[in-house]
Amino acid sequence: MNTSGVARDLASGALVEVLAPHTTQTRAIHVLHPPDRHLPSRTRVFLDFVATLFPRAPY
């Protein structure tokens, strides 16, 4: 479970994880784009935004 957005509430007890025994394995997210050195700015902004939502894999 991606808890980055609710970590503080989980730590304080305001939220409780109820389906912990039924979690799934995490999956990688891949973004494909043309091999152009200059991405459109909206593409770069989107990729930066998505990167903040999903932590990097530990491997």
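Is Asp-48 buried, exposed or partly exposed, and at what relative accessibility? Asp-48 counts as partly exposed, at 39% relative accessibility. These values come from a predicted model.

**The whole protein**

The protein has 59 residues, and 3% of them count as buried. The protein contains two helices and zero strands. Helix H2 covers residues 41-53.

**The salt bridge**

How many salt bridges does a search of the whole structure find? The search finds one. Side chains of opposite charge can pair when their charged atoms come close. Here the side chains of Asp-48 and Arg-44 meet, at 3.1 Å from N to O. Both residues lie in helix H2. They sit four residues apart, which is about one turn of the helix. Arg-44 is partly exposed, because its relative accessibility of 39% falls between the 20% and 50% cut-offs.

**The nonpolar patch**

Which residues make the nonpolar surface patch? They are Ile-29, Val-31, Phe-46, Phe-49, Leu-53 and Phe-54. Leu-53 belongs to helix H2. With a relative accessible area of 35%, Leu-53 is partly exposed.

| Residue | Relative accessible area | Class |
|---|---|---|
| Arg-44 | 39% | partly exposed |
| Asp-48 | 39% | partly exposed |
| Leu-53 | 35% | partly exposed |

Key. Residues are numbered from 1 along each chain as its sequence is written. This is a predicted model: local features need pLDDT of at least 70, side-chain atom pairs count only at pLDDT 80 or more; totals for chains, interfaces and linings use all residues. Side-chain values use heavy atoms; hydrogens and water are left out. Patches are made of residues with over 30% relative accessible area and no salt bridge: like charges are joined within 9 Å, nonpolar side chains (Val, Leu, Ile, Met, Phe, Trp, Tyr) within 5 Å. Accessible areas come from the Shrake-Rupley method with a 1.4 Å probe; for residues, only the protein chains shown count as cover. A salt bridge is a side-chain nitrogen of Lys or Arg within 4 Å of a carboxyl oxygen of Asp or Glu. Buried means under 20% relative accessible area, exposed over 50%, partly exposed in between (1.4 Å probe, protein chains only).
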